[in-house]
Amino acid sequence: MMKLWKRASGALKDRKSLFSISFSRRTSVRNPDLDSAIIHATSHDDSSVDYHHAHRVYKWIRSSPANLKPLVHSLSSRVNRTRSWIVALKALMLVHGVLCCKVPSLQEIRRLPFDLSDFSDGHSRPSKTWGFNALIRAYFSFLDQYSFFLSDQIRSRNRKPQVDSVNQELESIEKLQTLLHTLLQIRPMADNMKKTLILEAMDCVVIEIFDIYGKICSGIAKLLIKISPAAGKAEAVMALKIVKKATSQGEDLALYFEFCKKFGVSNAHEVPKFVRIPQENIEAMEKAIKGVEEREETKEDEEEVVVEEKSIILAERPEFQTIITDKWEVFEDDYCFTCNDIKETDQPRNYNVDPSLLPLIVIDEPVYLTHTLPDLITF
């Protein structure tokens, strides 16, 4: 009875939204026909997905860049008002389809125009909807990152074409691996989530995994050809990190697809061939890193040898030699008195040096201090 009431309430809300749209005017940010298609595609019905109206939305996006603003306005208004996990999930699926259109105008979106990172369904108790909330938050996190990634890709294609460097290819593969990691967080975890809409959403996720993982495998295959023992240390270290992560993600993917098959996701039965990086390729990259380190150590040793040789050359020059002697060396700047100032006494003195070379002051009588320490302190 409760389910029927919720469905009736949701259908009533959709009709009300469609009725209000019929009175709106077409502007630069409003398109009543597009608004209607979005409401149908994101209805409160959890038993089916309206693909007909979803494809109408995709057709509008492909037809003209001018339709992007009305789409963003309508979708963000729809999502910001809802507290239904059904509407939120359908909106995310619709956005996913829009991003897959990959039209140039999508570069203007960058981040998604709404925020579902803290979404919570408001029509049921949290104990019943926590699994749906978690799935929507994870799905939003992926699409938000994916939108930014696609925007960067489209912008780079629109620039003057140039050959990507190894560093750029490495960075691109790293970003794809990050996206794949975010995708693997999208999974139904609660027991009450085996619904048609959830299965449809998971089919979209699995298809995206095929696409991104395929790009990662293709990128690594090209990378293994370009990375050689002559490569730089930073590039070789980064490539080795990517290869090891790809091996680890292959294992995670196998577990993920096994989970999806048990849950009933139809697309998960077509398991992709996971990358198994040959050990010799890993060893080749480790060898490249070791070779670079050895070259750097050799260069440092050579620099130290050059410094030592320069020190020896300087030491051999007469002006830089140290002379050890038992005779006093007298410098003119050190004279305070002349030899005539020396006071002669009757007592023989043995200075062990030539007296004519060193001026000495002879004190016949002891000198006593007439002031103590406190007397010398002034304030």
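Biologist: Why is Phe114 called buried?

Modeller: Phe114 has a relative accessible area of 4%. Buried means under 20% (exposed is over 50%, partly exposed in between; 1.4 Å probe, protein chains only). So Phe114 counts as buried. A word on the source: this is a predicted model, where local features need pLDDT of at least 70, side-chain atom pairs count only at pLDDT 80 or more, and totals for chains, interfaces and linings use all residues. Residues are numbered from 1 along each chain as its sequence is written, and side-chain values use heavy atoms, leaving out hydrogens and water.

Biologist: What makes Asp14 and Arg78 a salt bridge?

Modeller: Their closest N and O atoms are 3.0 Å apart. A salt bridge needs a side-chain nitrogen of Lys or Arg within 4 Å of a carboxyl oxygen of Asp or Glu. The pair therefore qualifies. The search of the whole structure finds 8 salt bridges.

Biologist: Why does the pair of Asp14 and Arg78 tie together parts 64 residues apart in sequence?

Modeller: Because Asp14 lies in helix α1 (residues 2-21) and Arg78 in helix α4 (residues 68-81). Helices here are DSSP runs (H or I, at least four residues; strands are E, at least two), numbered from the N terminus.

Biologist: What makes the aromatic pair of Phe114 and Phe140 tilted?

Modeller: There are 7 aromatic pairs in the whole structure. In this one, the centres are 6.2 Å apart and the planes at 40 degrees. Rings of Phe, Tyr and Trp (its six-membered ring) pair if their centres lie within 6.5 Å; planes under 30 degrees apart are stacked, over 60 edge-to-face, the rest tilted. So 40 degrees gives a tilted pair. Phe140 counts as buried, at 6% relative accessibility.

Biologist: Why is the pair of Phe259 and Phe263 called stacked?

Modeller: Their centres are 6.3 Å apart and their planes at 20 degrees, so the pair is stacked. Phe259 and Phe263 are 4 residues apart in helix α9 (residues 233-263), about one helical turn.

Biologist: How do you know that the charged end of Lys194 sits over the ring of Phe263?

Modeller: The charged end of Lys194 is 5.9 Å from the ring centre. The rule asks for NZ of Lys or CZ of Arg within 6 Å of the centre and within 35 degrees of the ring normal. Lys194 is listed as sitting over the ring of Phe263.
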